[in-house]
Amino acid sequence: MKKICIFLLLLLLIQSSNGQLDCSKAPTDAIRIVCNQIQRWDQKARTTPTLSADVKTPGIAGQAMAAEFSPIASNVFQCMDIACLCVFFRGTGGNNCVVQGRPLGKVVRKEYRMLSEDERNRLHQALRTLKQNGEYDRLARVHAQYSESGAAHSGPAFLPWHREFVKRMEFLIRQVDPSLHLPYWDSTLDQNLPNSKDSILWTNEFMGDATGAVNNGPFRSWRTIEVNKATITRAVGAQGKGYSEDEITSMMGQTDIAQVLAFSAPQRGCPYQPNFNVPEYTHGNPHIYVGGDMLETSTAANDPIFWMHHSFVDLLWEQYRQTKQTRATRETAYPADNRQCSSEHHFRAAFMRPFTPMRNADGLSNMYTDNLYSFAPRPSCNAGPTCGSPYLFCDRSHGAPRCAARMKTGGNCASFTNGETACYQGTCQGGKCVAVSQTVTPPPTITPTKPVVTVETTCFNENECCGPWSAKGECQKNPVYMNVWCKASCRQCTPKYDLNDECSDRHSNCAQWSRSGECNKNPLWMAENCRKSCNKCGVTRAATCGGGANNIAANPPASVNNRQQNEPCDSPMCYNEDQCCPIWAQRGECQSNSKYMNCQCKVSCGVCRPNYAYGQCQDYHKDCAAWARRGECAKNKWMPENCRRSCNTCMTL
Ligand SMILES: [Cu+2]
């Protein structure tokens, strides 16, 4: 066993010497830009503390939770099914929900060019409404802040994080118009043109201007979320490119989850080879391609095409999930936590900030596409010469038939020689698209609509003991936990009810939830917020929470969440007990052999955060040198792992 492990370790070392990603080796200029962005985000995120390092809920580390974080969503964004949305949208019918006469059900996301004219106009209208009422900007801002959204970029949580982010925009759109969905932008359709900038996408009917400030089209004169800039800008086609079919095929062929939920900013010592073809990189290309605001992570969400691009990224990921994974592995497969490979924000059980109380693993839940949305198939030539849309055509002149976007006036149509109708409202003359008539599409009128519902964010504690804990000063002593779980008591938001009332229902659904058994299923939240309906009025919160030492709920939160209380573990403090820990963790042992691993390999499984720089050529304990002199390096397997300098077991080649 020992020998095998050392052999594997050597193998790992040979790979590790390449662990760090060198942006100068990027295959294209655009990917180099993306590489630098990903590394910058990683560096900044590494300086921001995570929540999970200090707070562990028993049984969660190393285990996917599949969105069961909060059986009752305390705000609309946490909803994972239609029945939940229905409550917040003040509709009726649960999963067969009707909101003010309009159905609110699971949606099918279509390609942007596959929407009917009416659907497209209503979508543009809804986005304008959200822009005007500030909801668009509030959500867009989240993407810009590495300090708040560490898991958004530079590691395995990239796809789950953006899935949740895009879901939230779709919820916002549906608040304005419940029958709408967030379409996807299949950029291969534009990429397939001789000159992708000729695409109908960059006209008043769709996204508006391709270059410079966006002064035309449905999103004309949109102001950015930054203070000093006036309107959103683009530089379509200057650099980068849309998705290619090859990239998609290569993603679908991956067998290792770590190449999909990938380490995109590995540091020296990370056992994965750097790879510029992982989804986070390929998704960067269309960002660079649109340019302007889309080019920079901090400003990208200003441009409405951002959401449709990410809806497509989500489609590709879902296609991978459906074709390569089982229902069970979709919710569990996640690369092992490793500080050499990503910041802690990307660890499986880390909070998906700022979408707490969700954790990264929750983004793997099947509930998204079971309950909330699915994807219409990508446009295909099987639908005939128009690919099923007046804005697309089937290109039969460049190899296998494939769909492409129709072109605007002036577009280069010379190479379409098989009778394609490649020009939109025009014909191909002398190799250029020429308009049939001189009618130019007028800029759309802008008439903001009133949202069907506006959902207010809510302010609830998640635990019955929040009040007593806060009275003991825990909000100050333990803000990391308390500000998330005891928002109301720590005054992170303003509750619309009396915090001190020991016998009230704080939510209008309390009675209904109580009838459906939530007092037992979800006791912490319910005992705090539905005291009346759950018959909790007889005993005060202070009496429940201030009890004897054996009462787990009575302890301050940080100690409640120490999993070692439940299982005896002979490994004190935060150390790996064995040199093989990183290899075992990489093989998924933290999940498949969690009891042993979460005790013996705490560091590699992300169970705790060491107060030393794990992976560095150092002694991790101050007594290492003394122990080494006594000959412990040879006798004790703990030593080579943790006294690397004194035992001469540094791994750097
Ligand atoms: Cu992106």
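Predicted model: local features only at pLDDT ≥ 70, side-chain atom pairs only at ≥ 80, totals over all residues.
**Group meeting: a buried tyrosine and its surroundings**

Where does Y289 sit? It is found in helix α9. Setting aside the neighbours within four places in sequence, Y289 is in contact with V236, G237, G240, K241 and G242. Take G240 from that list. Along the chain, Y289 and G240 are 49 residues apart, yet 4.3 Å separates their C-alpha atoms.

Helix α9, residues 279-290, also has a partner in α2: the buried residues of α2 pack against α9. Helix α2 covers residues 29-46, which is 18 residues. From first C-alpha to last, α2 reaches 26 Å, close to the 26 Å expected at 1.5 Å a residue. Which residues of α2 are buried? They are A30, I31, I33, V34, C35, Q37, I38, W41, D42 and A45. When you look at that list, remember that an α-helix has 3.6 residues a turn, so residues three or four places apart point the same way. Note that D42 is among the buried residues, as is Q37.

Next, a helix pair. Two packed helices are described by the angle between their axes and the distance between the axes. For helix α8, residues 245-252, and helix α10, residues 305-324, the axes come within 9 Å and cross at roughly 35°. The crossing of α8 past α10 is right-handed. On the α8 side, the contact is made by I248, M251 and M252; on the α10 side, by L316, Q319, Y320 and T323. By class, that contact has five nonpolar residues, two polar and no charged ones.

Now the record. UniProt, in an unreviewed entry, lists "domain: ShKT" at residues 459-493, 503-537, 574-608 and 617-650. I have figures for two of these spans. In residues 574-608, the end C-alpha atoms lie 6 Å apart, and the span is 49% helix and 0% strand. In residues 617-650, the end C-alpha atoms lie 5 Å apart, with 44% helix and 0% strand.

Last, the whole protein. How many helices and strands does the secondary structure come to? There are 26 helices and 10 strands. Among contacts between residues at least 6 apart in sequence, 65% join residues at least 24 apart.

Methods:
Residues numbered from 1 in each chain as written. UniProt positions renumbered as here; feature names shortened; annotations may be inferred. Helix = DSSP H or I, 4+ residues; strand = E, 2+ residues; numbered from the N terminus. Contact = placed C-beta atoms within 7 Å. Axes fitted to C-alpha atoms, helices over the stretch in contact; angles between N-to-C directions. Left-handed = near helix turned anticlockwise from the far one by under 90°. Nonpolar A, V, L, I, M, F, W, Y, C, P; charged D, E, K, R; others polar. Expected span 1.5 Å × (residues − 1). Buried ≥ 20, exposed ≤ 12 C-beta atoms within 10 Å, placed from the backbone.
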